[in-house]
Amino acid sequence: MADLIAYTDGACSGNPGPGGWGVLMQAKDGDTVLKTRDLNGGAAGTTNNKMELMAAIMALETLERASKITIVTDSKYVMDGVTKWIFGWKKNGWKTAAKKPVKNVELWQRLDAAQARHQVTWEWVKGHAGHPENERADELAREGMAPFKPTK
């Protein structure tokens with residue numbers, strides 16, 4: 001059975017500002033890539049963190065059936081949020097340890113629901129460090145942002 005990997009990234013021009021998200025999906029057998037799929041999109045007034053979350057959400061929501069998948073992100077915010085912070089947020093009614101509402105709660109709830117359908121492994125990779133799949137996800141995010149950027 002092939003391994004499914006989604007490399008995700010978000011981009012923003014200004015924060016907030018026009019933004020985009022990108023996903024490079026790969027089905028692999030060992031080091032051999034069997035199939036790839038590019039996904040991207042964007043929004044006019046958004047933040048980098050929202051776009052990072054949207055990339056992970058869309059990677060999971062695109063899957064038609066329950067799957068075993070590895071999501072590779074360069075976002076510490078997404079990585080720490082989904083592997084550490086979310087458990088306390090849910091226990092505290094989506095409030096932080098300081099009893100403040102969780103930022104981007106609607107996206108965190110959507111990500112939580114999307115990952116519940118799957119067996120997800122989360123991996124972090126340093127961004128803009130020459131990792132080819134992460135660089136491609138970044139390109140896709142920038143392409144997703146392009147229609148929302150004002151023309152000069």
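Q: Is Q26 buried or exposed?
A: Q26 counts as buried, because its relative accessibility is 7% and the cut-off for buried is under 20%. Keep in mind that this is a predicted model.

Q: OK, and which residues does Q26 touch?
A: Leaving out residues up to four places away in sequence, Q26 touches D3, L4, I5, Y7, V33, K35, T36 and E133.

Q: Where does Q26 sit?
A: In strand β2, which covers residues 17–29.

Q: How many residues of β2 are buried?
A: Twelve of the 13, so β2 is largely enclosed by the rest of the structure.

Q: So what does β2 pair with, starting with β1?
A: Strand β1, residues 3–12, pairs with β2 in the antiparallel sense over ten bridges. As an example to look for, Y7 stands opposite L24 in β2. The two strands make a hairpin with four residues between them, and G14 in that turn has a positive phi of about 90°.

Q: And what about β2 and β3?
A: Those two are antiparallel as well, with twelve bridges; β3 is residues 32–46. G19 has A43 in β3 as its bridge partner. This is a hairpin too, with two residues between the strands, and G30 in the turn has a positive phi of about 65°.

Q: Zooming out, what's the strand order in the open sheet?
A: The sheet has five strands in the order β3-β2-β1-β4-β5, and its pairing is mixed. β3 and β5 are the edge strands, each pairing on one side only. On average, neighbouring strands are turned by 20° against each other, ignoring direction.

Q: In what sense do β1 and β4 pair, parallel or antiparallel?
A: Parallel, over five bridges.

Q: Now the helices. Which strands does α1 lie across?
A: α1 lies across β1, β2, β3, β4 and β5, and it runs at about 155° to β1. α2 packs on the sheet as well, touching β4 and β5, with its direction making about 140° with that of β5.

Q: What about the largest nonpolar core, which residues touch the most other members?
A: W21, V23, M25, W108, L111 and W122, out of 30 residues in that core. The elements giving two or more residues are β2, α1 (48–61), β4 (68–73), α2 (76–91) and α3 (105–116). α1 gives the most, with nine residues.

Q: What does W122 touch?
A: Not counting residues up to four places away in sequence, W122 touches A56, I71, V78, M79, V82, T83, L111 and Q115.

Q: Last topic: how many residues does α3 have?
A: Twelve, and α3 reaches 16 Å from its first C-alpha to its last, close to the 16 Å expected at 1.5 Å a residue.

Q: Which residues in α3 are buried?
A: L107, W108, L111, D112, A114 and Q115. They cover an arc of only 165° around the axis, so they are on the same side of α3.

Q: And what covers the buried residues of α3?
A: The cover includes α1, α2 and β5, which is residues 119–124.

Technical notes
Residues are numbered from 1 along each chain as its sequence is written. This is a predicted model: local features need pLDDT of at least 70, side-chain atom pairs count only at pLDDT 80 or more; totals for chains, interfaces and linings use all residues. Side-chain values use heavy atoms; hydrogens and water are left out. Buried means under 20% relative accessible area, exposed over 50%, partly exposed in between (1.4 Å probe, protein chains only). Contact means heavy atoms within 4.5 Å. Two strands pair if DSSP finds at least two bridges between them. A nonpolar core is a set of buried Ala, Val, Leu, Ile, Met, Phe, Trp, Tyr and Cys residues joined through side-chain atoms within 4.5 Å. The expected span of a helix is 1.5 Å times one less than its number of residues. The arc is that of the directions from the helix axis to the C-beta atoms. Axes are lines fitted to C-alpha atoms, for helices over the stretch in contact, and angles run from 0 to 180 degrees between N-to-C directions.
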